[in-house]
Amino acid sequence: MIVFELNHTDNKSLLQKMAAAMGVPYHEEDYVMIKPPAGDGIIKIIDLAPELQVLLADVEFNSYFFARREQSEKRYYVLHFEDIYIKDTAVFSVDGEILEKSQTRHSVVRLTSNMFTNTEEVSAHTRIKVVKVFFSEAWLKKYLGLQENVDGLQQYVSLKTACFDIEPLDAEYLKLMDELWNAKKDDPLQNIFLQNRVTLLIERFFSRLAAKMKQYDGEPDMPEEDIQKLMKVERVLLKDLAEPPPNIEELAKLATMSATRLKKGFKQLYGAGIYTYYQTVRLQKAKEMLLSRRYSIRETAEAIGFHNTANFSTAFKKQFKTLPSQLIKE
Amino acid sequence: MIEFSYDYCDHYDYLYILADFLRVPVTANTIWLPEHVGSGYVKVEKLTNGLQVLTNECVLNQDCFFKRNTAPGNHFTLRFDEVRNIKALSVKLGDLVLEDNTNIYSGAFLSNPLEPLEYLINSEIEDRCVNIYFTKEWFQKQFGIAADDAIWNSILPVDKPAIEFDVLGIDYRELMEDIFELKKEQPLYHAALQNRVMLLLEKFLRNAYNRVVGTSNETGASENDLKKMIQVEAILANAVGEAPPPVPELARIATMSETKLKALFKKIYDYNLYEYYQKNRMLKAKQLIATKKYSVKEVGSRLGFKNLSNFTIAFKKQFNKLPSEL
């Protein structure tokens, strides 16, 4: 079992401790390669600007992982972009409120702050792919161009970080996360490239938050119950990419709503139609598999449900403007 | 003809000098052109990361000649222009001479105070411009670049004139379009503006860097070829309401083979001729819809779509949204 007590303001010394505990070196460029027996993967920290830091992790631990972030003095926020395939169970808590999930894909954006204690526990062998953006209250205020309490956004942010206000990772978020992961090491503009993508992620989260607030003022936009149902649909849709996806009728039945309402709601929540979203996610997965260099094109195609590699290549090219074979060559 | 001459300075000083010259007030860092000059505005904003951005959208009622004189200082301006209704346009910045009479000009160029800039434009011209001002120090700090980095010092020199030019492909245009569509009242106005401006800057500097180190896509295109491609792009960008000229005709205009034309265009603008035409047309559609002056149907037919549903499908393909959802 791995247990970590986290301090919001010093991720680097935390990562150093983690490296020491797992017996792997901490690299000068602020990254750690996790290796067996502890697990497999990479965690890195990048300072983008004063009071703006990002942590990228793509890792699988071989034992149970527990992290707790205590309250602390200086006001900090963390924006979590989490794409986690939960092997057994995962439990997230904010200020005592608990969210438990098992054997599912947890793919959400959520905002937390250090005004409240947060914990995360994940069972062994769970693939954790996350982007965590850390910023101070002062940074956020400056970035959003807020004077004092304009729009009540700030108040809302404080309130919301006291509980779970999660938003699904939609196609646009996934695309930006992917760009962060695929940043080239020798890019002469690497810092600004990363900074621009991270700020786009933040902008997108907060502009959606602001849009939601507007809706709360007037007509409620989508009932919480519907959001839960649609998130369930998303999980079922992506449960097994090797098999053909359920059809709309099956999904509608599952969500106990009409096909029309399902399609409309899904699009509103995830920013793309059901099958467009399905296609984006599975091709994304294929890209990851290919880049890992552990799978052939044929194996990758099979894993995401294509039995014909030519069809796979065509779909891949349509999505990424490059053929799988070209991607491997790069 | 209006002749305006000033010394190189930052955007705020420029705005006040211009306001003084035109005898108009500055309100909220914005000036509105007086009627004898034209209609439209010039606006300056400071981003939270320290960048100064000048935007203007205007139509001129008189020919104008701007002359920017040299001055000391360690700073740069990067100007993105989309100009329509050109009869005579001439931009002179040292060796860089742009003369255009193909109706549309769009381009971006970087300059510093060490070279005078002359800008001549005819009346009735429509100009949309995003102009970024930054100091060398700001660049080094923000981009995490060492002061002695030789490549960056050749792109952003302090002891000799800086001259970098880039053509405006569809990606730049989409960002500019986003910037002009931002509404001051929207909650994340500042963040959204800053992000788009930074993306413009990133893209321009990346291309400039690639040209210097020679990994650019444009390797092999002579200056002459580049000028021809800009001409072809202008024709495509212009042909929004009708079908673009067929490839053989474009090849004749560019005086090169069809194969060379297609390959070169794709290298420089990242898209095939037809894809580019289509993308540009949809961008124009978005622009027209944003004005709220036309119905979706009117926009579709203005852009030469006989069938409205073909228009909505093409629109959706590009922006992931139906025109009616805008």
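Which strand of chain B pairs with strand 6 (residues 75-84) of chain B, and over how many bridges?

1. **The opening pair.** Strand 6 of chain B pairs with strand 9 (residues 105-111) of chain B, in the antiparallel sense and over seven bridges. Within strand 9 of chain B, Ala108(B) is the bridge partner of Phe80(B). Two strands pair here if DSSP finds at least two bridges between them; helices (H or I, at least four residues) and strands (E, at least two) are DSSP runs, numbered from the N terminus.

2. **How to read the model.** This is a predicted model, in which local features need pLDDT of at least 70 and side-chain atom pairs count only at pLDDT 80 or more, while totals for chains, interfaces and linings use all residues. Residues are numbered from 1 along each chain as its sequence is written, and chains are lettered from A and ligands numbered from 1 in the order in which they are written.

3. **The sheet of chain B.** Seven strands of chain B form an open sheet, with antiparallel pairing and the order 2-3-4-11-6-9-12. Its edge strands, strand 2 (30-32) and strand 12 (163-167) of chain B, each pair on one side only. On average, neighbouring strands of this sheet are turned by 10 degrees against each other, direction ignored.

4. **The sheet of chain A.** Chain A has twelve helices and 13 strands. An open sheet of eight strands in chain A, again with antiparallel pairing, runs in the order 2-3-4-5-12-7-10-13. Here the edge strands are strand 2 (26-27) and strand 13 (167-168) of chain A, each pairing on one side only. Helix 2 (residues 137-144) of chain A packs on the sheet and touches strand 5, strand 7 (76-85) and strand 12 (127-136) of chain A; the direction of helix 2 makes about 80 degrees with that of strand 12 of chain A. For such angles, axes are lines fitted to C-alpha atoms, for helices over the stretch in contact, and angles run from 0 to 180 degrees between N-to-C directions.

5. **Two hairpins to look for.** In chain A, strand 3 (residues 31-34) and strand 4 (residues 39-49) pair in the antiparallel sense over four bridges, forming a hairpin with four residues between them. Ile34(A) has Gly41(A) as its bridge partner in strand 4 of chain A. Strand 4 of chain A also pairs with strand 5 (residues 52-61) of chain A, in the antiparallel sense over ten bridges, where Ile43(A) has Ala57(A) as its bridge partner. The hairpin of strands 4 and 5 of chain A has two residues between the strands, and Glu51(A) takes a positive phi near 70 degrees.

6. **Where the chains meet.** In all, 18 residues of chain A are in contact with 17 residues of chain B (in contact means C-beta atoms, placed from the backbone, within 7 Å). Helix 5 (190-217) and helix 2 of chain A each supply at least two residues of the side of chain A that touches chain B. Helix 5 of chain A gives the most to that side, with ten residues.

7. **The nonpolar core.** Which residues touch the most other members of the largest nonpolar core? Of its 109 residues, they are Val133(A), Ile132(B), Val197(B), Leu200(B), Leu201(B) and Phe265(B). A nonpolar core is a set of buried Ala, Val, Leu, Ile, Met, Phe, Trp, Tyr and Cys residues joined through C-beta atoms within 7 Å; buried means 20 or more other C-beta atoms within 10 Å of a residue's own, exposed 12 or fewer, and partly exposed in between, with C-beta atoms placed from the backbone. Helix 5 (residues 189-213) of chain B provides the largest share of this core, eleven residues. Leaving aside neighbours within four places in sequence, Leu200(B) is in contact with Phe80(B), Val130(B), Tyr172(B) and Leu175(B).

8. Glu174(B) sits in helix 4 (residues 170-181) of chain B. Glu174(B) is partly exposed, because 19 other C-beta atoms lie within 10 Å. The C-alpha atoms of Glu174(B) and Leu283(B) are 7.1 Å apart, although 109 residues separate the two along the chain. Helix 9 (residues 273-290) of chain B has 18 residues, and its buried residues include Tyr276(B), Tyr277(B) and Met282(B). Helix 9 of chain B is followed by Lys292(B), whose phi is positive, near 60 degrees.

Technical notes:
Contact = placed C-beta atoms within 7 Å. Expected span 1.5 Å × (residues − 1).
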